[in-house]
Amino acid sequence: MKYLQKLFSRQFYRSTLFWSLLLVAIYTLGGFIALPKYIHKTIVAQVEQQLGWQATIDKVEFNPYNFTFSIDNLNIADQESVEQIAFKRFYINFEVRSIVEGAFTFADIELVDPNINVTLDKNGVSNFQHAIQAQQEKNPPEAAAEETTESEMVKLLFDNINLVDGKINIVDNSPAQPVTYQLHPISFNLKNFFTFGEKEGTYHLDISLGKAQNITWDGTLGMTPVQSKGSLNISGLRVQDFWEYLSEQVPYTLKQAIVGISGDYEFSMANDPMQLNIRNANVQVSDIKVANKAAPESFANIAKLNVGPIGFSLANQQVQIDNVTIDSLDLNVNRDKQGNINLLAPFANQPEESATKETAAANTESASTFKWAISDVALNNSQVNYVDKQPSTDATISINKINFNVKDVSQDLSKSLPFNLAYSVDQAGDTNISGNVTATPLNLQAHLSLKDLSLTAIQPYLNDIAKVRLEQGKLSVEGDINVSNDNTGQIAGDFQGGFNINEFNTKDTRINQRLIGWQSLAIDPIKVNLNPLSIAINKIAITQPYARLVITPNRSMNLAQLAINSDDAPAPEDKTATTDTSPATTESKTDSQPLPITIDKIVITDGDAYFADLSLKPQFGTSIEHINGEITGLSSDNLARADVNIDGNIEEYGKMKVAGKINPLSGDLYTDLNVIFDKIELAPMTPYSGRYVGYSIDKGKLSLTLNYKIAKNALDAKNHLVLDQFTLGKKIKSEEAIDLPLKLALALFTDKDGVIDIKLPITGDMNSPDFAIGGILMKTFVNLITKAVTSPFSMVANLVGGDPDKLKSLDFAAGKATLSSENNEQLATLADVLKSRPKLALEIRPYVDKQQDTLALQQVKMDRLLTQSGINNNIDQQQRLNIIEELLTKFNANNELNKIKSTVQNALLLTEKDPDKDKKQQVIKENYEQSLKNVLKEKQPIAELELTQLAQRRLNAIKIQLIQQEKVEDKQIFALQPSLEGKAEENGIATLFTLTSK
């Protein structure tokens, strides 16, 4: 009791103990009760004042004795009562040793289960910024006094800062499509952190983005100077979740990509410039899928992308990357019906100026002093799938097993970079390109090796232009490529190597027959210079080539008919009444320089060809087999001459040979070729003979020697045609057959051995638009035949060297049927013709001149009558006159006799007194005798039969001479009906000869 009285006494209130106890009580009550309430109230008020939101706190605690402070279950909600900030517990342990440390010292700072909801609008302004701006508009802040002195950083020391199970929810509406993501859990620990001195604290940060996406950050952190070093590790980051931020700038959509980043860093602001070094950094991106925005399926898939190790120095402005490796790229490239490529579709409507800006930016970057280098860039085990839908049938090409490697890439574009590219097309043989490349100026030196590339991949494109199926074909290329950019900006360089196309075969899909092919085609070596363009080939070797050439029923070549829609084209007009398969020569362009080309040798081994003409009835077909030979020395030089030597077999026994010199590559076409066809069976040629000749061919063999000389576009050709035992068969009706007596022509040309030997020279100007070798040759042949059948004796005269005028007829004297020596010489010459041309027949038509031959026969008959009447050289004149007068009386010519006598008597009377009486009377008597004979001659009767018999005797004389004396076959001589319409000329009365065929 006394104690209580003492305690409440006046002396006690004045004591130190009382005031000490009172101070402790106030301190305790203020620390435990008043301060927490004040802090609680202040936090709620500040949230309301600064954000306009409502804050609730379950408990605020402060221990004034151990200096710990905690806030439990803070929740800040917006005006719509949606939670924006919250945490379960915030704890601070302040150390009294701050007095000793000379800095505010915290043993622990801990934040447990923080939760922040961040919402960004279209402009990237957060919900917190919106709240602050709204409150500032309601209560504009007073202008703060401008600080004139620099404040030093407060000295702080943190033993341990810990964040446990943090969560940040973000909804970002700034991209085209809103992005929502969550960072949870977030854990952070920082130990021994100083804001003064050179001491560094250690930290550890863990952030989880969900779905195995984690960020780990370890290291040290110092503030004076600001410096840090440590390591960062990001794993499983799903980049596609953030792709909306780039969707408007990037034309593609990243559908999937998982990123991992790791590395060590060192950062310091102790010196100027700021130091930032990154070492042993690696970036790994896996399961990459890229698509066009309008397409759901990805066109590019990458299994893995590795970049690193990476070294970076900010002070040196340098990045060093050891390796950039892309594993298993799968790229799908599609071209649609309109020709648009899926990869380029996003750029179809891109303005041109954007490309200009990009170029300018690239130029700016290239001008930067920043240095970078990549030791090795590699693309491994990749594939490109190309599908072209523009052809009527989809074209599909797969480039697989792609492996690419380039070394020592850097900002130094003048550096030579070694590289290697290997790939395979549609599982065919491997292709390899390796060498060195320089970007500026461009310089490429590489070796190309391509093996057995299947050419069947181009079939879909071939389907749209030709009715041809490429059944097989393998392309191989081996060689060196050199390309460079010279001082003028022109691309220069060359290719040196070889090409092979093996097992090449095509089919005509209309008839399902082989068209063109070969076993192997080798061009090796070949050198192609780019600037100026020139080509030099050492050897072209083609083995077992084959070609099928067919003239279609409408007389066009099958190759022309193979073009799509060519069936509807009209057949070309046939101007020469023959199908001219010779290459037409167009107008020469000697003014333009030809492409410089040299081909040292072309070798053909065991080739075959098939030719058919379906326009004929019956149709015709033949083959040329075992074609072998070579062409050497081809060049575009105008003065060069290439040697040609090629031979082959036609059917079983026929031979073909081509030899000579050509220059088809020069501007001035030159040709001097001999083409020989030997022992070609002609019976199969009946379809042609039926169309153009009007007869079938029963038998015969052809040997043809052609010599073609072309120089300065002028043709000078010699054609030597030899037909052995050529025999026409039955007649064939043809509107195109030439209207000439061909059997006669053949008889004229066929010698005694059954051989026809014809030489046909032709010339022509190849610049003429109407020039065609086939047409000229046919015209020349027809002219020769025409001349032969219209002037056969002119032709046969050349065989024996005779005068054609002396072979056409034989002259007889009037009334005579005997041959003169000159006649015998004529017949001997004609006999030589007939014996050399056994198929010729000689038709003999004897002629009689009724007047002259009658007079001659009357003379003969009178002379015979006078002789029979006794007139001869032994009797005198008077006796002769008496006999003749008596004969005239018998022929009833008394009137004519009396007139003549009267005339004679008068004449004699006139000479009675003439001194030369006897001489003149003798002359008168001789004239009298002749006048009597003339009357007697006229009185001799000559019947028409006698004239016919005279003609027959003339015919017999000729036949006897030809058959018996000159040994001409009787079957070659034919007598024609005698004619009485002959006319005597100076040399007599002609018997005419006509040559025909047997």
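Arg469 is partly exposed, at a relative accessible area of 31%; here buried means under 20% relative accessible area, exposed means over 50% and partly exposed lies in between, with a 1.4 Å probe and protein chains only. Glu471 and Arg469 form a salt bridge in which the closest N and O atoms are 3.4 Å apart; the term denotes a side-chain nitrogen of Lys or Arg within 4 Å of a carboxyl oxygen of Asp or Glu.

The structure is a predicted model, in which local features need pLDDT of at least 70 and side-chain atom pairs count only at pLDDT 80 or more, whereas totals for chains, interfaces and linings use all residues. Residues are numbered from 1 along each chain as its sequence is written, and side-chain values use heavy atoms, with hydrogens and water left out.

## Other salt bridges

In the whole structure, 22 salt bridges are found. One of them pairs Glu266 with Arg279, with 3.4 Å between the closest N and O atoms. Glu266 belongs to strand S11 (residues 252–268) and Arg279 to strand S12 (residues 275–292), so this pair ties together parts 13 residues apart in sequence. Helices (H or I, at least four residues) and strands (E, at least two) are DSSP runs numbered from the N terminus. Glu266 is partly exposed at 35%, and Arg279 is partly exposed at 40%.

Another salt bridge joins Lys939 to Glu896, the closest N and O atoms being 3.3 Å apart. This pair links distant parts of the chain, 43 residues apart: Lys939 is in the loop between helix H18 (917–938) and H19, and Glu896 is in helix H17 (residues 894–910). Elsewhere, salt bridges with shared partners join Lys59, Glu61 and Asp72 into one network.

## Packing of H15 and H19

Helix H15 (residues 850–868) packs with helix H19 (residues 944–965) at an angle of about 95 degrees, their axes lying 11 Å apart. The two helices, H15 and H19, are therefore roughly perpendicular, a term for angles of 65 to 115 degrees.

In this contact (heavy atoms within 4.5 Å), Lys850, Asp853, Thr854, Leu857 and Lys861 of H15 meet Glu944, Glu946, Leu947, Leu950, Arg953 and Arg954 of H19. By class, the contact of H15 with H19 comprises three nonpolar, one polar and seven charged residues.

## A mostly covered helix

Helix H10 (residues 742–749) is mostly covered, with seven of its eight residues buried. These buried residues are Leu742, Leu744, Ala745, Leu746, Ala747, Leu748 and Phe749.

Methods:
Axes are lines fitted to C-alpha atoms, for helices over the stretch in contact, and angles run from 0 to 180 degrees between N-to-C directions. Angles under 35 degrees count as roughly parallel, over 145 as roughly antiparallel, 65 to 115 as roughly perpendicular and the rest as oblique. Ala, Val, Leu, Ile, Met, Phe, Trp, Tyr, Cys and Pro count as nonpolar, Asp, Glu, Lys and Arg as charged, and the others, Gly among them, as polar.
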